[in-house]
Structures are given as structure tokens and as C-alpha cells.
Amino acid sequence: MSPFLQAFLMPSSTAVKFALKGVIAMFLALYIALWMDLERPYWAMISAAFLQIRPMSGMVIEKGLCQLGGTIIGALVGILIMSLFAQARVPALMMLTCWIMLCIYSASLTRNNFAYGFIMGAVTAMLVVVISHSGASSVFDVAVSRISEIGLGALCATLISALLWPTHVRHHLARQADETLKQAFTYTARRLEGHGSREMLPTLTASLEPLMTLETDSQAARYEDPSGPGRVRGAHLLTRRTMRLLATTEALDQLLRDPHSPLDVSVRHLARETSTIFLEAKAMDDPAAARERLQQQRHVTYELETEALSTLSLRVLLGLREILGHASIMLEARATIDHPETHRLRSPSLSWHRDHLVAGVNGLRAGVVFSSVAVFWLMTSWTSGTTALLLATLFSGIFASYPNPAKVGTVLLKGMLAAIPSAFLFGHVLLSQANGFPMLAMLMGVPLFIGLLGAGHPVTIGYSLPFTVANILLTMPGNDMSFAIDSFLNRGLAVVIGVCAMVMGFRLIPAFSEKLIRRRLTAATTRDLDRVARRPPRQTDIWFSDRMADRLLKLARHDEMLPEDQRHLLALGLFGLDMGRACLRLRRRLDDVDDAKLQTAYQDLLERFAKSFTQSSNGQVPHDFIDAAHTLRERVTNCEILSTKRRLLIDGLVERMALSFERQAGQMAKALAQAS
């Protein structure tokens with residue numbers, strides 16, 4: 001059975017509960033809005049509908065607060081614009097366009113529900129200015145009505161979410177954390193077994209998908225109970241350590257496959273044994289038992305370490321010890337999500353990677369889309385222009401962060417087109433013959449329940465959610481409803497024009513190409529690596545790991561849009577993370593060494609470090625860095641201040657960095673040749 005038929009004919013119990021909760025929340029908001037005689041009670045329904053998209057209690061509360069906060073700020077800005085340009089439409093719309101661009105720009109630099117709050121600020125200001133210029137109500141009345149309607153919808157959605165089949169963010173986070181551990185441990189085990197990077201690419205992507213969801217949704221846990229902040233810290237720690245595990249695994253794979261320096265048999269056997277340990281840990285239900293098993297294997301790496309090992313074997317041994325340590329901390333972070341009161345972790349929020357150019361393009365696109373529809377509204381004095389402006393502005397902001405917004409917009413348009421005959425039948429033909437709120441709820445509830453039922457299935461949500469919203473916008477339930485056919489067709493045309501304008505905006509001003517994304521990634525990572533080579537290691541370690549973790553999550557989304565044989569952005573990001581951490585380890589071992597010749601060679605290597613990442617990312621072998629690495633290794637070998645073990649560690653680390661740059665250059669040259 002196809003996913004579409006399965007979503008509607010054989011829905012899961014979770015999907016049915018989700019649909020019922022959404023319908024009850026929407027009609028509760030509508031009933032109270034009608035009782036209070038609000039100007040546009042259907043806005044309370046739409047507010048409740050948007051909050052029920054993620055019905056977990058913490059997320060509903062967080063999104064409701066962001067939605068209400070954005071609405072209040074947007075209403076105040078709308079009042080300010082109208083107080084300055086009450087009699088001048090064009091200057092008012094110009095100021096409004098600037099505000100919309102600023103809000104979408106800010107939304108692109110934030111995440112989670114806070115981005116939605118900025119979008120609501122843009123939409124509310126637009127509604128206040130446009131409705132006030134239409135002469136229907138005073139500016140203050142319009143602003144108060146919007147705040148009342150949005151706040152009522154948020155309150156009803158929060159109430160229903162807490163009372164009817166409540167679900168909690170902490171259970172959702174636990175499931176995502178389990179999936180993250182499972183996929184990450186599987187990936188690590190397979191790479192230690194010798195599977196190629198291209199063969200393991202689906203597993204790598206699969207390990208990042210739940211991690212992206214975990215990191216995005218974890219902030220809402222703080223709104224559920226006093227233990228919420230502890231769960232948030234556990235999620236942050238799990239994100240950091242998972243990224244480090246994946247990056248170190250990539251580097252370790254390079255060492256295991258190095259044809260120029262054969263490994264000791266005992267170390268190669270230990271790598272295969274560690275692969276089995278990861279699979280065993282993945283299968284264990286108890287994180288404490290799995291952590292104990294990994295710690296036992298980590299102790300084996302200490303027992304195997306002897307001076308007779310070759311440099312490469314020692315580096316592999318240290319790499320195995322490092323990934324086992326990362327995995328142990330990941331399991332501790334997983335346990336913290338379940339029981340934060342028994343685990344005291346210090347894990348601050350991630351340092352986000354913000355791309356101001358991407359945010360600027362998103363803001364510019366939203367401004368162009370709004371201006372185009374606004375000009376059409378001014379020239380035609382269109383009575384339903386508000387609906388078109390609303391949809392164009394709202395979805396230009398929401399879809400700006402999607403990897404393929406034009407495609408998503410096309411799906412959205414199909415869902416809204418399907419709502420036109422539905423709204424005509426249930427919201428006009430049948431509803432015009434009904435009397436009283438119960439009949440209104442029974443008739444309108446049919447398409448809304450069907451839409452929310454489909455929204456509970458991941459395959460059909462793109463069609464079903466806009467189908468639900470469009471049914472509300474086309475029907476516009478209220479105390480003084482109009483069932484005139486010309487008004488209905490006018491609203492249907494406004495829905496189509498608004499969504500088409502949004503899609504055309506993404507077509508005419510598309511997101512950046514893969515080539516530009518790679519170039520900007522390389523430049524941003526190069527700047528961070530330059531800071532790694534100059535700033536004190538203690539201040540830089542967490543900062544750099546956090547920046548790269550957030551960047552890798554974004555790169556995973558971009559990589560999914562590329563053909564399978566051209567997906568190299570994520571691997572490039574992992575390489576940057578590994579090289580940055582390798583540089584930090586080198587600095588901890590050499591910064592305090594009092595040897596003039598060694599320090600001269602060491603500083604020369606650091607000067608070339610960041611530039612070498614750029615060269616290798618562009619498929620060019622960084623010969624200057626390789627020469628500097630060779631010189632530094634000679635100075636380390638002749639440095640009598642350092643112990644024998646420390647010399648071996650530094651020599652192996654510098655050699656690995658040089659080999660990694662050389663190998664990455666070859667891989668990128670091959671990837672770029674395939675892409676061209």
C-alpha cells in the first residue's frame with residue numbers, strides 16, 4: 001500500500017490522537033473567539049494549528065511563547081509605522097518591507113522556535129499595516145485583535161497538549177539519542193572493519209539525522225520540568241562527542257589504510273576487536289553496562305602500549321583510545337537525558353555557525369516577494385490582497401532554512417489547491433445550510449481532521465498541513481460569515497497568488513550552489529583554524545568543537561541534496577574538525593617547550609596550517625606544510641628536552657597531519673573532477 005493510502009486508510013494510533021488533539025484545540029479556540037466576538041476568530045484556529053505541528057508539551061509551550069512574543073513586537077512595530085505614515089501608503093509599505101527583511105534575516109541567524117518568533121513579528125506587523133490601510137479598523141484595534149487571537153490560539157493549544165494524551169520532549173529526546181548512538185556506533189564499527197567511506201556514506205548520514213533532531217529539539221526540554229536544563233546539557237554533550245567520534249574515526253581510518261607504513265599485527269587485531277566491542281555496546285540496553293565494556297577495552301589500549309611499537313601503530317593506538325573515550329562520554333550523556341538529577345554535567349550551549357550572507361539573501365528574497373505582491377495589491381485595490389501578502393510573507397520566512405525551498409513550496413501549493421474544492425463543499429455549500437456552533441464544528445471538522453491525519457505521517461505532511469490551513473483561510477469562520485461565491489473565489493485566488501509568489505521568489509533568488517557553499521565553508525573553517533593556531537588551547541577547544549558541530553549539522557542537510565557520488569561537504573567538515581583538534585593537541589605538547597630551533601619550526605608550521613586546509617579543500621597538495629612538518633619532525637627528534645615517549649607522540653601527530661592533508665587533497669581533486 002502506498003504511503004498516501006496508508007496515512008488515511010490505516011493511520012497509526014499516534015496519528016489519530018494527533019489529529020483529534022489538533023481539531024479539539026482549534027475548535028476550542030474558535031468557540032472562545034466567537035464568544036468574545038473577536039474580529040477574525042479564524043486566526044485563533046490557525047494559531048492553534050501551527051502550535052500542534054509538534055504536540056509535545058515543552059515544544060508547544062516554547063513555540064507559544066515565541067509566537068506570542070513575536071506577535072506583540074510585530075504589533076508594536078506596525079503601530080509605530082502607522083503612526084509615522086498613516087496617510088502615506090507607499091512610505092509605510094517601504095518601512096514595512098525593511099522590517100520584514102530584518103525579521104527574516106534575524107530568523108535565518110537563529111534556530112528552533114525563536115526563528116518562528118521573528119517570522120511572526122514580520123507577519124503581525126504586515127497585518128497591522130495592511131489591514132489598517134484598508135480602512136476596516138483603527139490601528140490600535142487591529143493590533144489588539146491580532147494579539148488576542150494569536151494568544152488565545154496558543155493558550156488553547158497548550159491546554160489541550162497538556163491535558164489530552166500528553167507527550168513529553170524528554171521521551172522524544174531519549175528516542176533520538178538512542179538512534180544517534182546506534183547509528184554512530186555502527187558507523188564506527190564498520191569503518192574499523194575496513195569498509196570504504198563511500199560505502200558507509202548512508203550510515204554516516206543516518207547517524208546525523210537523529211542528532212540534528214536531538215540538537216534542534218533539546219531546548220524545549222527546559223519548559224517541562226526543573227530537570228529540563230540538565231537534559232539540554234546532556235543533548236549538547238552528546239552532539240559534541242558524536243561529532244568528535246565521527247571525525248576521529250575518519251582520521252583513524254586513514255591510518256589503518258596507510259599503505260606506506262604497515263601496522264603491527266597486535267594493533268590491527270585490536271582495531272578489529274574494538275569494532276566488535278562497538279557492536280556489542282550498540283546492542284546493550286543498559287548505557288552503564290555498555291560504558292563499562294568500552295572502558296574495559298580502553299584499558300586494553302594502555303596495556304598494549306610499549307616502546308617497541310612503530311610511530312604509526314602508536315598513533316592508531318591513541319586513536320582507538322580516543323574514540324573509546326568519546327563513546328563512553330556519549331553513553332554518559334545519554335544517561336543524563338533520562339536521569340539528569342543523578343548526572344552533573346558541565347556542557348554550555350553550542351556556539352552557532354552564523355552565515356550572514358545566507359541570512360541576507362533570505363531577507364532580500366522575502367522583501368522582494370512581499371514588495372511584488374504589495375505592488376499588485378496597491379494597483380488593483382484587491383480586497384483579498386491581505387491573504388496573498390500573508391501567505392507570501394509567512395512561507396518565505398519559514399521555508400528559507402529548508403535545503404530545497406522551491407520544491408517544498410510546490411508541494412505546499414498542491415496541498416492548498418486540493419483545499420479549494422474541500423473548502424467550497426464543507427465550508428460553503430454544506431455550512432450555509434447549518435445553524436449553530438455544533439453543526440459548524442461537525443462540518444468544518446471533517447476536512448480539518450483529514451488534513452491533520454495526513455500531517456501525522458512524514459510522507460504526507462507537506463500536503464496535509466497546508467490543506468488544513470487553507471481550509472481555514474478559505475472558509476474564514478466567524479459570527480458574520482459570508483457565503484458569497486465571488487468572495488470565496490477571491491480568497492482562493494489570493495491563496496494561489498500568494499503561494500505562487502513565494503515559489504517564484506525561491507526560483508528567481510535560489511539558495512547558494514554547492515560550489516559556493518563549499519567555498520564559504522572552506523573560508524569559515526579556515527578562519528576558525530587560524531584562530532585555533534593562535535589562541536590559547538584551553539579557550540579555543542570547546543569553542544572550535546561547537547562551531548564545527550553546528551556547521552556539520554548544516555552540511556549534512558546540504559549533502560543530502562547532492563547526487564550520491566558528489567557528497568563530499570560533510571567529509572570536508574569532518575576533516576576540518578579533526579585537523580583543528582589535532583592542532584590543539586600539538587599545541588598542548590609544544591607551546592611550553594623551551595627550545596629556540598624547535599619553536600621556530602613549530603611556529604612556521606602553525607603559520608601554514610590554516611592555509612593548508614584551504615589548499616587541500618581545493619584539491620591542491622600543501623607542499624609548504626608538508627615541508628614544514630618534515631622540518632619540525634627533525635627538530636623534535638633532536639630535542640633532548642623532550643622524553644622519548646613525548647617525541648614519538650609529537651612525531652606521529654605531525655606525520656599524521658601531513659598525510660591527512662595530502663590524502664584530503666587527492667580525495668577533493670577526485671570529487672571536484674566528478675562534479676565538473
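1. A helix here is a DSSP run of H or I with at least four residues, numbered from the N terminus. With that in hand, H10 supplies the largest share of the lining of the second largest cavity, four residues.

2. A word on confidence. Mean pLDDT over the protein chain is 84, and 94% of the residues score at least 70. Among the elements, helix H5 (residues 89-109) has the highest mean, 92, while helix H21 (residues 537-560) has the lowest, 74. Where pLDDT is low, the predicted coordinates should not be read in detail.

3. The lining of the largest cavity counts twelve nonpolar residues, two polar and no charged ones.

4. The second largest cavity has a volume of about 70 Å³. Its lining includes Thr 248, Asp 578, Arg 585 and Arg 656. Two or more residues come from each of helix H10 (228-256), helix H13 (311-338) and helix H22 (569-590). By class, the lining of this second largest cavity has five charged, three nonpolar and two polar residues.

5. Helices H3 (42-51), H6 (112-133), H15 (385-398), H18 (461-475) and H19 (485-508) each supply at least two lining residues. The lining of this pocket divides into twelve nonpolar, eleven polar and five charged residues.

6. Within H18 sits Ala 470. Is Ala 470 buried or exposed? Ala 470 is buried, because its relative accessible area is 0%, and the cut-off for buried is under 20%. Beyond residues up to four places away in sequence, Ala 470 touches Met 416 and Ala 419. Val 77 lies 393 residues from Ala 470 in sequence and 27 Å from it in space, C-alpha to C-alpha.

7. Finally, helix H7 (residues 139-163) has 25 residues and reaches 36 Å from first C-alpha to last, close to the 36 Å expected at 1.5 Å a residue. After H7 comes Trp 165, with a positive phi near 45°.

Terms used: Residues are numbered from 1 along each chain as its sequence is written. This is a predicted model: local features need pLDDT of at least 70, side-chain atom pairs count only at pLDDT 80 or more; totals for chains, interfaces and linings use all residues. Side-chain values use heavy atoms; hydrogens and water are left out. Ala, Val, Leu, Ile, Met, Phe, Trp, Tyr, Cys and Pro count as nonpolar, Asp, Glu, Lys and Arg as charged, and the others, Gly among them, as polar. The expected span of a helix is 1.5 Å times one less than its number of residues. pLDDT is the predictor's confidence in each residue, from 0 to 100. Buried means under 20% relative accessible area, exposed over 50%, partly exposed in between (1.4 Å probe, protein chains only). Contact means heavy atoms within 4.5 Å. On a 1 Å grid over the protein atoms alone, a cavity is a set of points where a 1.4 Å probe fits but cannot get out, and a pocket is an open set with protein on both sides within 12 Å along at least five of seven lines; lining residues have an atom within 4 Å of a point. Grid points are joined across faces, edges and corners, and a volume is the space filled by probe spheres set on the points.
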